[in-house]
Amino acid sequence: MATIYLDHQATTPPDPAVVEAMTFAATHCYANPASPHAAGIRAFREVERARGAVARLIGAARSEICFTSGATEGNNLAIKGVVTPGERRHVVTTAVEHKSVLDSCRSLRAGGHEVTVLPVDAEGRVSAHQVAAALRPDTALVSVMLANNEISTVQPVAEIGAVTRAAGVPLHCDATQGVGSLPVDVRALGVDLLTFSGHKIYGPKGVGVLYVSNDLSDRAPLAPLLHGGGQERGLRAGTVNTTAVIGLGAAVGVLAEHRAEESVRLAGLREQFLSTLAELVPYELNSGTGPGFLPHAVSLSFEGADAQQLLLEVTEIAVSTGSACNSAAQEPSHVLTAAGLSPERIRGSIRVGLGRFTTEEDVVRAARALAAGVTSRAVGAA
Ligand code: PMP
């Protein structure tokens with residue numbers, strides 16, 4: 001029987017419309033979009049069409065969209081591009097950011113800058129008040145994610161945006177996990193920089209978006225990480241990955257049309273998953289399921305379980321554990337740790353993320369398979 005894929009925070013399968021658009025692009029838009037001949041102009045038009053779709057999705061202007069290789073690059077470019085090496089400046093971020101944000105900040109620290117990492121509450125949330133209290137006259141940037149990839153917490157970015165706007169400090173938001181389920185409007189959020197990735201929204205891997213407000217570009221242009229042919233308005237040199245960008249444009253088109261109803265459907269399926277599981281085996285929730293959390297995902301722990309072992313045995317489903325989120329790293333998740341969970345609870349934690357192709361049958365089967373795995377391990381251990 002096919003694996004039930006419930007690891008949509010890690011990556012999403014491409015939508016059929018994306019595969020179709022990329023096949024078209026690879027076949028017909030192979031010319032360099034910077035070339036002045038007819039084939040190049042055709043590729044250029046398709047890239048710009050994708051840029052327009054992305055801009056519309058987040059309420060930005062086309063000139064504010066820079067294509068990158070993904071959210072990791074976008075986060076690095078946003079953070080290192082604003083905080084220039086010469087002057088010693090201060091950056092504010094949170095303890096639950098993705099490693100591409102935390103490690104970018106860490107590299108700034110190694111270069112002599114100061115970084116304030118704000119703690120979070122038990123739900124994994126920071127407040128606008130905490131951000132306001134952390135600001136200093138030399139603060140160059142605040143970076144807060146839209147929604148967390150492990151515990152689904154949605155941060156109060158619009159409230160934080162009001163604080164940073166009033167203080168004249170640029171705000172960066174890693175929206176990689178939120179943009180697939182929540183409405184995102186850069187002006188309503190009050191962000192100057194916003195990042196996301198194609199492969200979390202049923203688009204291709206290796207492509208992403210960095211939004212840079214025209215206002216910020218006028219005041220203090222970002223320093224690029226890559227220098228060369230001046231593509232993407234000089235912000236990101238290198239021949240544009242036309243096929244991936246066109247695929248991303250198609251992914252954004254499908255998302256814009258179905259996001260709202262899909263979020264409702266997935267919240268219902270998550271409820272069904274949790275109630276089926278609850279009838280079979282006890283568990284503790286590590287993430288909320290109400291407003292203020294992503295609708296399609298949940299983190300939970302089985303008491304006394306070793307989630308890594310469990311998932312090796314329950315081969316019918318693909319989900320992640322909370323203990324080894326970064327490649328081969330065996331260290332407990334920094335997010336669950338920051339939210340105050342004990343090492344034992346983290347050891348027994350799994351992260352379940354439903355997606356566009358998840359069915360009612362999938363969630364019921366997944367809950368039964370998980371419960372059977374937990375029960376048989378508990379019996380085996382007794
Ligand atoms: N930010 C968040 C919140 C993420 O979940 C991820 C992917 N796990 C990234 C950034 C990095 O994205 P990419 O794989 O596109 O580099």
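I take a polar contact to be a pair of N or O atoms within 3.5 Å, where one must be able to donate a hydrogen and the other to accept it. With that in hand, I opened this predicted model and went to the domains.

**Entry: the two domains.** I looked up the assignment for the protein chain and found domain 1 (4-12 + 259-381) and domain 2 (16-252). Domain 1 puts 31 residues into the contact, and domain 2 puts in 34 residues. I also checked how far apart they sit: the centres of domain 1 and domain 2, over C-alpha atoms, are separated by 28 Å.

**Entry: what lies between them.** I then asked for the buried area, and domain 1 and domain 2 bury about 2,600 Å² between them, with 53% of it on carbon and sulfur atoms. On the domain 1 side I noted T12, R259 and L294, which supply 26% of the area that domain 1 buries against domain 2, more than any other three residues. My count of polar contacts between the domains came to 18 residue pairs, both residues at pLDDT 80 or more. My search for salt bridges between domain 1 and domain 2 returned zero.

Entry: I read off about 210 Å³ of space in the largest cavity. It is lined by 18 residues, and G180, S181, K200, Y202 and H296 are the closest to its centre. Sorting the lining by class, I got five nonpolar, nine polar and four charged residues.

**Entry: back to the domains.** Which domains does the lining draw on? I found at least three residues from each of domain 1 and domain 2.

Note on methods
Residues are numbered from 1 along each chain as its sequence is written. This is a predicted model: local features need pLDDT of at least 70, side-chain atom pairs count only at pLDDT 80 or more; totals for chains, interfaces and linings use all residues. Side-chain values use heavy atoms; hydrogens and water are left out. On a 1 Å grid over the protein atoms alone, a cavity is a set of points where a 1.4 Å probe fits but cannot get out, and a pocket is an open set with protein on both sides within 12 Å along at least five of seven lines; lining residues have an atom within 4 Å of a point. Grid points are joined across faces, edges and corners, and a volume is the space filled by probe spheres set on the points. Ala, Val, Leu, Ile, Met, Phe, Trp, Tyr, Cys and Pro count as nonpolar, Asp, Glu, Lys and Arg as charged, and the others, Gly among them, as polar. Domain bounds come from an automatic or database domain assignment. Contact means heavy atoms within 4.5 Å. Buried area is the accessible area (1.4 Å probe) that two parts lose on being put together, summed over both. A salt bridge is a side-chain nitrogen of Lys or Arg within 4 Å of a carboxyl oxygen of Asp or Glu. A polar contact is a pair of N or O atoms within 3.5 Å; within protein, one must be able to donate a hydrogen and the other to accept it, and residues adjacent in sequence count only if both atoms are side-chain atoms.
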